Amino acid sequence: MKIEKHLSRRSFLQGLALGTVSTSIPLLSPLKLFANEYDPNKPVKRYPDPSVEVIDQRFAKYKIGNAVVERLWTGARWSEGPVWFGDGGFLLWSDIPNNRILKWQEATGLVSVYRKPSNNSNGHTRDRQG
């Protein structure tokens, strides 16, 4: 039996069914299936996230209970205007009082100065050409 690196639900169930028929085929432990997803150094996500606060109860129905707020970086005086570049894997946003645009790279998790001076820009967008 071929064991795939990323086990789909269907192949897992097929392997489970085969394993009950024949004892010569070893079954994968559920702990081994998810062992590479566990990282003891990652912060524990709590649901619902206490950082998400509903101020006006009319908007409470839009709150996603299993969403968390992830802090990517600290050090700006006043940040706003984020724009995501999915094709490049990075996020740009403004730090207005420090007159700069910052860039966060998804692949590395590093933040760098994208443009300084930024002429105190405060909002970014992408057009259809990128």
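This passage looks at the aromatic pairs of the model and at the surroundings of Asp95. The structure is a predicted model, in which local features need pLDDT of at least 70 and side-chain atom pairs count only at pLDDT 80 or more, while totals for chains, interfaces and linings use all residues. Residues are numbered from 1 along each chain as its sequence is written, and side-chain values use heavy atoms, with hydrogens and water left out.

Rings of Phe, Tyr and Trp (its six-membered ring) are paired if their centres lie within 6.5 Å, and planes under 30 degrees apart count as stacked, over 60 as edge-to-face and the rest as tilted. In one of them, the ring centres of Trp84 and Trp104 are 6.4 Å apart and the planes stand at 40°, so the pair is tilted. Because Trp84 belongs to strand E1 (residues 79-85) and Trp104 to strand E3 (residues 100-105), the pair ties together parts that are 20 residues apart in sequence; strands here are DSSP runs of at least two residues, numbered from the N terminus. Trp84 is partly exposed at 39% relative accessible area, whereas Trp104 is buried at 13% (buried is under 20%, exposed over 50%, partly exposed in between, with a 1.4 Å probe and protein chains only).

Attention now turns to Asp95, found in strand E2 (residues 90-95). Asp95 is buried, with a relative accessibility of 0%. Beyond residues up to four places away in sequence, Asp95 touches Gly75, Ala76, Arg77, Trp78, Arg100 and Leu102 (heavy atoms within 4.5 Å).

Conventions. Helices (H or I, at least four residues) and strands (E, at least two) are DSSP runs, numbered from the N terminus.
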